[in-house]
Amino acid sequence: MDPLVAPSRETSSLSGVSIIPEVVLKASGHVDKSTDLMFQTSIDPSGLIPGYMRPETAQGIFVNFNDLYHANDNKLPFAAAQIGKAFRNEICPPQGLLRHCEFTLAEIEHFVDPENKSHPKFSGVSKLEIFMFPRDDQVSGRQARKMLIGEAVYKGIIGDETLGYFIGRVYLFLTCLGIDTDRLRFRQHLENEIKHYAVDCWDAEIESSYGWIMCVGIADRSTYDLLAHSAESGVPLEAHEKFAEPREVQSMKMNILSISKGKKKEHLPIKKKKEKEHLRVFTPSVTGSSFVIERIIYCLYEHLFHTRASKDGDKQQNVFRFPPLVAPIKCTVFPLGKNQQYEKVAKEIAKSLIALGISKRIDITGTSIEKRYAITDELGVPLAIAVDSTSSVIVRYRDSKEQVRVDVNEVTSLVKEVIDGVSWDNVLQRYPTHPS
């Protein structure tokens, strides 16, 4: 779906305060409730035809439902994901780093039978204990509390298993990136802020220096979007369920004609008829997850930054604790001293890392090892390889500053293992430690 959309009943129905919570309007100071939060521009060269930039990416998935359904062999459930730019006419100077007119949205739309919102993988997240902030707790003034996702679904706090599953998956995704679990909560929308298209909606909020920031929205959008597009386009957006055996259903029909007897009118009786159905036609329900990429990255910077004393203790050093999975640079390589043989080994290791698709930084400046380690830590690089021999090297882990000695022929495979999730404790058990 192109970011530029022409005005229509579909796009205009998305405009207004329903796109953004009322609290943001108040925070902006000079935007009232009548402000159109769709980002307006012009389409033709004359500038006479108005157009609107898309406020979300999800609509491109909905209008292509029939093609996606066919690609999935006409079976439910299935999901489609899309990432792209979205635009909103937001004005909020105090939160300039978080609220932009242009931002990146990554969205997953999961289509499911509205009569069966169970999820086959729900058991994999049901035992996750996370901070939840249900609607009733907010109204009564209570704080967010830890709760099992399975318990929340069982008690009806979370509407169904599919919604609960995606809340659990969002939690696992954010914590895998490095978000602090104690500064992450899932807040349910209040009745007066829930979107027009949603039956239930939860926000993954991350605490930062700006307060609690909404970074991911997980909503049960019901059948609203598909029905709205069908009504405007005249194209059915429906799914089918074939019955293994025909089902007998009873239909009722009333003759609208009436018989007049003087001043009195009598309606003919309702006729009941039994029929057999071989196919059920219905509009799927949608559970959507919307990730605001820039906000997640900003919160990662805040959560993963810290300072620690230098080796001499005379100053504080900056450290980014990016997990190996998301660290922009996975490894640094540098030879100790000005030694041609060590430089050759360092370059060979760097070449092997490139062959494995591992981002690296090679440093042959010859500055002190303490300074190069400090630079590595400040860049958030999890591993550093110091070459002090032609047969073995030192591998250092950023967070603990612990070091092990590894054979030159094994070092690239070790780096790959750590990036793929092998813990540093596992590495310490397999290789001899080297004094810091």
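Modeller: C331 is buried, as its relative accessible area is 0%; buried means under 20%, exposed over 50% and partly exposed in between, with a 1.4 Å probe and protein chains only. C201 counts as buried too, because its relative accessibility is 5%. Zero disulfides turn up in a search of the whole structure, a disulfide being a pair of cysteine sulfur atoms within 2.5 Å.

Before we zoom in, please keep in mind that this is a predicted model: local features need pLDDT of at least 70, side-chain atom pairs count only at pLDDT 80 or more, and totals for chains, interfaces and linings use all residues. Residues are numbered from 1 along each chain as its sequence is written, and side-chain values use heavy atoms, with hydrogens and water left out.

The part I would pick is helix α7, residues 161-177. (Helices, H or I of at least four residues, and strands, E of at least two, are DSSP runs numbered from the N terminus.) The end C-alpha atoms of α7 are 24 Å apart, which agrees with the 24 Å that its 17 residues should span at 1.5 Å a residue; the expected span is 1.5 Å times one less than the number of residues.

At the N-terminal end, D160 caps α7, with a side-chain oxygen 3.1 Å from the backbone nitrogen of T162. That is a polar contact: a pair of N or O atoms within 3.5 Å, where within protein one must be able to donate a hydrogen and the other to accept it, and residues adjacent in sequence count only if both atoms are side-chain atoms. T162 itself is buried. Buried along with T162 are L163, G164, Y165, F166, I167 and G168, then V170, Y171, L174 and L177. An α-helix has 3.6 residues a turn, so residues three or four places apart point the same way. After α7 comes G178, with a positive phi near 125°.

G124 sits in the loop between β5 (102-112) and β6 (129-133). Whereas Y165 is buried, G124 is exposed, with a relative accessible area of 57%.

S230 lies in α8, residues 224-233, and counts as buried because its relative accessibility is 17%. A polar atom of the S230 side chain lies 2.9 Å from the backbone oxygen of L226. Strand β10, residues 211-222, holds S222, a non-glycine residue with a positive phi of about 50°. S222 is buried, with a relative accessible area of 19%.

L76 and P77 are joined by a cis peptide bond, with omega about 0°. D73 lies in that loop as well, and its phi is positive, near 60°, though D73 is not a glycine. With a relative accessible area of 57%, D73 is exposed.
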